[in-house]
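These are my notebook entries on one structure.

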Amino acid sequence: MDYKSMGLNLLKKGQKGIIHAIFSRFGLILLLLLAQIFLLFSIFQWFEEFLPHILGGTVLFTFVMVIRLLNSRMNPTAKITWLIAIMLLPVFGVLLFLYTQSDIGHRALKKRTHDIISETRELIPQSEGVMERFSDENGGAASLARYMARSGCHPVYDRTAVTYFPLGENKFEEMLVCLEAARHFIFVEYFIVDEGLMWGRILEILAKKAAEGVDVRVMYDGTCEFALLPHDYPKRLKALGIKCKVFAPVSPFVSTHYNYRDHRKILVIDGHTAFNGGVNLADEYINQRVKYGHWKDTAVMLKGEAVKSFTLMFLQMWGIDERKGESTHFFSFPTYPAEEAKGYVIPYGDCPLDDDKLGERVYMDILNRALKYVHIMSPYLILDGEMETALKFAAERGVEVALILPGIPDKSVPYALAKTHYASLLESGVKIYEYTPGFVHAKVFVSDAREAVVGTINLDYRSLYHHFECATYLYDTDCIPEIEADFQATLEKCRQVTMETVHREKWHVKLTGRLMKAVAPLL
């Protein structure tokens, strides 16, 4: 591919980055947020001095809240974090817990999300014939599919061709080809968008297609406003004829709403082609910018029936701030079913505001049903007790459980936290490898040469509990041998972790991991 052309860039030199952000509108917002946080903490401190005298003492106050916490439905590991906070800072910890667990800041988001999922639950009906054939082939996998349908419209599809991309560069090349062929609509939803070669080339095509009358929509997460894109970037895209929304943009109000991010990566073209995986729209994802060595990422392209689910997922997020959805119109375009494609595909989204932790449950179900192997790639390893037990139990049953993690981390604290799990996993027979050339950003599970997941869901609390996520579940599709082959090829570039290397780890990494373990659910 010719990488000489940078495509279309809307920002001049110096119009992005943390320094520019601080001295822009974002800097004022940040100042107001800090002022509110200071005020909030001051109020909490006042209550810490005043409330115990009313409630009969700090001990009684703490005891009541600890009992309430222990009987809550919260994840057990998160309970430990809050118990530590409450025991160390009795009143302050309780008030902070009550504030973060309240619906203040995201009550409207929670209600609107619930309404949208309820309204669209039956929008794409499940083919009874497909489900029956799937059940006949694998009753356990079909049971997982029925569970997945609890949390939204996640049908099982056949007649879907799936292409696996072992690197972001491969995905990028195919994206450009498919975007050029768009005739009706283009939906773009990504966690990170950053100006450079990758986004510039894509944006150039999007602007051209918008001028041709194609309905082009772009949605990205509000964290991009911290250092990547200015607050007025949606207006700049609108000037090109591109509709744009920012999920949870930075505002001058302290809110628990900021805890929930749109971590999804979705591209839908004309309802017949969709992309999903770990690759964002920034140059490091295609190794045009080196940040942490070689960037290893993965993605899939779907063509056929299953694309409907990604069309729906995008429209659900797009419609969160609108009173009325517009889903039905976009399902009138042909999907061009891939009649010769084998296997079954289930695209699914995970919402942090419901009670079904779908991303984690899918991973755990694959581990629990595996007979020979489960091979995993993930950038982070910050596990709750349930996920760690599932990994250990699979290995203890004789299943080969192997994880590939980064050799060069992007964040020091998550890297140190990952290492706190190593010894326990190794003792149960889990194999751990670190990718020596650089950073693994892929989110992949592949098991027993028959099922796999490729998507956006990391093995950490952020992804499993706090983010809007999406992934593609694959059963017996043509690309599964390619996914396993990519795992094995990546493995050849890794160093294996042993008990000896765990004991030789640098003392400051060990100390950081142990100290931060108490607040791991918040990271």
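I began just after α14, where Gly 398 takes a positive phi of about 100 degrees. I worked on a predicted model, in which local features need pLDDT of at least 70, side-chain atom pairs count only at pLDDT 80 or more, and totals for chains, interfaces and linings use all residues. Residues are numbered from 1 along each chain as its sequence is written, and side-chain values use heavy atoms, with hydrogens and water left out.

I took helices (H or I, at least four residues) and strands (E, at least two) as DSSP runs, numbered from the N terminus. Helix α14 covers residues 385-396, 12 residues in total. From first C-alpha to last I read 16 Å, close to the 16 Å expected at 1.5 Å a residue; the expected span is 1.5 Å times one less than the number of residues.

I then listed the buried residues of α14: Met 387, Glu 388, Ala 390, Leu 391, Lys 392, Ala 394 and Ala 395. Buried means under 20% relative accessible area, exposed over 50%, partly exposed in between (1.4 Å probe, protein chains only). What do these buried residues pack against? I found α13 (358-369), β11 (373-377), β12 (400-406) and α16 (422-427), with contact meaning heavy atoms within 4.5 Å.

Points are joined across faces, edges and corners, and a volume is the space filled by probe spheres set on them. I counted 3 cavities of 30 Å³ or more.

The largest cavity has a volume of about 190 Å³. Its lining holds 21 residues, with Ile 117, Arg 264, Gln 316, Gly 349 and Cys 351 nearest the centre. Helix α12 supplies the largest share of this lining, 5 residues.

The second largest cavity has a volume of about 80 Å³. I noted 13 lining residues, of which Pro 379, Pro 406, Pro 414, Tyr 415 and Ala 418 are the closest to the centre. Helix α15 gives the most to this lining, 3 residues.

I found 0 disulfides in the structure, a disulfide being a pair of cysteine sulfur atoms within 2.5 Å. Cys 153 is buried at a relative accessible area of 6%, and Cys 470 is buried at 0%.

Note on methods
On a 1 Å grid over the protein atoms alone, a cavity is a set of points where a 1.4 Å probe fits but cannot get out, and a pocket is an open set with protein on both sides within 12 Å along at least five of seven lines; lining residues have an atom within 4 Å of a point.
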